[in-house]
Amino acid sequence: MASAHDHTACIERALKEADLLCANADVRLTELRRKVLELIWQSHAPLGAYRLMEMLEQASDRKRVAPPTVYRALDFLIEQKLIHKVHSLNAFIGCTRPRQPHGDALFICRECGFTEEVASKPIQQAINLSASQQRFEVEDQFMEIIGRCAACRAKQKSGASQEELL
């Protein structure tokens with residue numbers, strides 16, 4: 001669902017939340033970690049580590065940002081539950097609810113890349129029940145659902161209608 005959405009409010013909320021969570025956990029949100037989090041929140045599309053490196057280089061005086069530096073920042077942000085790794089894309093996206101324990105799903109548009117974190121209590125309950133029946137302890141979970149967002153579907157429909165008129 002690509003739109004003219006202004007991400008300023010998203011970024012400000014995420015950084016404020018990160019400051020609070022890190023202070024409460026007595027961990028440091030360094031300038032680099034904060035910048036990586038800010039870059040991730042600039043859109044609602046997952047970003048890969050190498051794209052983040054490019055963006056960091058463009059946004060700073062540093063000529064080169066080494067991959068291990070970026071991966072350490074990403075690991076920290078994941079550990080603090082401020083971002084999620086999108087395994088199917090080998091990319092990262094901001095967590096919309098870092099203070100709440102959750103096992104949500106990511107709905108990922110394969111056309112525009114828009115990604116939305118969605119909480120689903122019934123799905124979570126089904127997973128918990130299934131794990132319990134198997135005597136399995138879930139340590140981490142995240143579902144990735146790939147499809148097309150409403151905006152891309154509408155765009156395709158309007159394009160098809162125009163083609164039919166010709």
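Predicted model: local features only at pLDDT ≥ 70, side-chain atom pairs only at ≥ 80, totals over all residues.

How many salt bridges does the rule give? The count comes to five, and I shall discuss some of them.

Let me begin with helix H2, which spans residues 31-40. Here Glu38 and Lys35 form a salt bridge, with 3.9 Å between the closest N and O atoms. The cut-off for such a pair is 4 Å, and the distance of 3.9 Å is within that limit because the rule asks for a nitrogen within 4 Å of a carboxyl oxygen. The two residues are three positions apart in the helix, which places Glu38 and Lys35 about one helical turn from each other. As to accessibility, Glu38 is partly exposed at 23%, and Lys35 is partly exposed at 25%.

The next pair belongs to helix H3, residues 49-59. Arg51 is bridged to Glu54, and their closest N and O atoms lie 3.2 Å apart. Again the spacing is three residues, about one turn of the helix. Arg51 has a relative accessible area of 38% and is partly exposed; Glu54, at 42%, is partly exposed as well.

Glu111 forms a salt bridge with Arg148, at 3.5 Å between the closest N and O atoms. Which parts of the chain does this pair tie together? Glu111 sits in the loop between strand S3 (105-109) and strand S4 (115-118), while Arg148 sits in the loop between strand S5 (143-147) and helix H6 (150-165), so the bridge ties together parts that are 37 residues apart in sequence. Glu111 is partly exposed, with 43% relative accessibility, and Arg148 is partly exposed, with 26%. This pair also has a further partner: Arg110, Glu111 and Arg148 are linked in a network of salt bridges.

Is Thr115 buried or exposed? Its relative accessibility is 4%, and Thr115 therefore counts as buried, the cut-off being under 20%. A polar atom of the Thr115 side chain lies 3.0 Å from the backbone oxygen of Gly113. Leaving aside residues up to four places away in sequence, Thr115 touches His44, Ala45, Pro46, Ile93, Leu106, Phe107 and Ile108.

Thank you for your attention.

How values were computed. Residues numbered from 1 in each chain as written. Heavy atoms only, no water. Salt bridge = Lys/Arg side-chain N within 4 Å of Asp/Glu carboxyl O. Helix = DSSP H or I, 4+ residues; strand = E, 2+ residues; numbered from the N terminus. Buried < 20%, exposed > 50% of the residue type's maximum accessible area, 1.4 Å probe, protein only. Polar contact = N/O pair within 3.5 Å; in protein donor to acceptor, adjacent residues only side chain to side chain. Contact = heavy atoms within 4.5 Å.
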